[in-house]
Amino acid sequence: EGGVFSVQPVVRQTNVDGSALTSSTTKCTANCASDVNNCGILSGSMKLPAADNQGEFSVDYTNLKITDSAGAGFRLTFTCGEQSVDSGIFDVSPASIAFATAVGGPLVAGAAFGTQPVVKLVKADGTSLLSTHRDVSISVVKHSGDGELRTGESSACDSSADCVVAVSVGNASFADLRVWNAGASNVVLRFASSPGGPTVDSATLTVSPKVAVTTDPGGATTTT
């Protein structure tokens with residue numbers, strides 16, 4: 001979101017049989033395809049039609065980008081006079097992600113975190129990104145430290161495909177995350193968005209063991 005496309009589109013202009021034109025002054029406009037919901041804002045510059053080294057006319061774009069949206073399955077429609085053509089499918093990732101709510105205690109081995117994390121999408125200008133096209137999610141894995149990250153008591157978060165939460169109105173709210181088999185260990189969790197892969201790490205978490213007295217003191221001698 002907000003970043004200029006790393007590969008800028010080029011629209012070739014030809015005769016109906018595909019043969020090269022000898023000249024052209026037809027400009028092409030670019031818009032999000034009609035089936036793309038919440039496309040955001042498409043901006044950039046279009047060059048006038050020009051002949052390449054082979055004499056074929058095409059329209060080049062510069063600084064084309066989409067702001068105020070992210071997701072999978074974007075397409076653009078290029079309209080040149082009375083003719084239109086769609087681009088292939090591409091993804092738009094958020095500029096970054098951040099915590100709306102950080103992981104908080106109590107942090108006890110095997111127990112759900114006292115405060116479960118909420119991760120938000122962030123635009124290039126640092127404000128929250130609330131609008132998405134489709135299929136935006138946040139995953140979490142243990143980045144460092146001891147123990148095993150789980151959601152619930154039995155589901156391990158071993159890979160980025162295991163513990164995934166869909167984004168709704170710019171936020172992904174996790175539930176029932178916990179660290180198993182760790183006591184007083186320095187654990188860091190890594191959250192990543194899809195598509196695109198921007199990440200954010202939690203603060204270092206100290207997970208305490210659950211404790212219980214198994215042998216009470218006894219045999220004390222009274223002194224005077």
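Analyst: Pro106 is found in the loop between β10 and β11. The numbered elements are DSSP runs counted from the N terminus: a strand is a run of E with at least two residues, and a helix is a run of H or I with at least four. The model is predicted, so local features need pLDDT of at least 70 and side-chain atom pairs count only at pLDDT 80 or more, while totals for chains, interfaces and linings use all residues. Residues are numbered from 1 along each chain as its sequence is written, and side-chain values use heavy atoms, with hydrogens and water left out.

Gly105 and Pro106 are joined by a cis peptide bond, with omega about 5°. Most residues other than glycine have a negative phi, and most peptide bonds are trans. Another cis bond joins Ser194 and Pro195, where omega is about 5°; Pro195 lies in the loop between β18 and β19 (199–201).

The loop between β10 (96–101) and β11 (118–122) also holds Pro117. Is Pro117 buried or exposed? Pro117 is buried, with a relative accessible area of 0%. Here, buried means under 20% relative accessible area, exposed means over 50%, and partly exposed lies in between, with a 1.4 Å probe and protein chains only. Leaving aside residues up to four places away in sequence, Pro117 touches Phe99, Thr101, Val103, Ala172, Ser173, Phe174, Leu177 and Phe191; a contact requires heavy atoms within 4.5 Å.

Leu177, one of those neighbours of Pro117, is the bridge partner of Thr151 in β17. Strand β13 (residues 148–151) pairs with β17 in the antiparallel sense over four bridges, and two strands count as paired if DSSP finds at least two bridges between them. Together with a further strand they form an open, antiparallel sheet of three strands in the order β14-β13-β17. The edges are β14 (155–156) and β17 (177–180); each has a single partner strand, so one side of each is left without a neighbour in the sheet.

Phe174 and Phe191, which Pro117 also touches, are among the residues with the most contacts inside the largest nonpolar core. A nonpolar core is a set of buried Ala, Val, Leu, Ile, Met, Phe, Trp, Tyr and Cys residues joined through side-chain atoms within 4.5 Å. This core has 27 residues, and Phe113, Ile138, Val140, Leu149 and Leu189 are also among those with the most contacts inside it. The elements that give two or more residues to it are β11, β12 (137–144), β17, β18 (185–194) and β20 (205–207), and β18 supplies the largest share, three residues. In soluble globular proteins, nonpolar side chains tend to be buried together.

Cys163 is joined to Cys157 by a disulfide (S to S 1.9 Å); a disulfide is a pair of cysteine sulfur atoms within 2.5 Å. This link is left-handed, with -85° about the S-S bond, and both of its cysteines are buried.

A second, separate core of 16 residues includes Phe5, Cys39, Phe74 and Cys80. Cys80 forms a disulfide with Cys28, the sulfur atoms being 2.0 Å apart. The torsion about the S-S bond of Cys28 and Cys80 is about 110°, so this disulfide is right-handed. The pair links distant parts of the chain, 52 residues apart: Cys28 lies in strand β2 (residues 28–32) and Cys80 in strand β7 (residues 76–80). Cys39, in turn, is bonded to Cys32 (S to S 1.5 Å). At 10% relative accessibility Cys39 counts as buried, whereas Cys32 is partly exposed at 23%.
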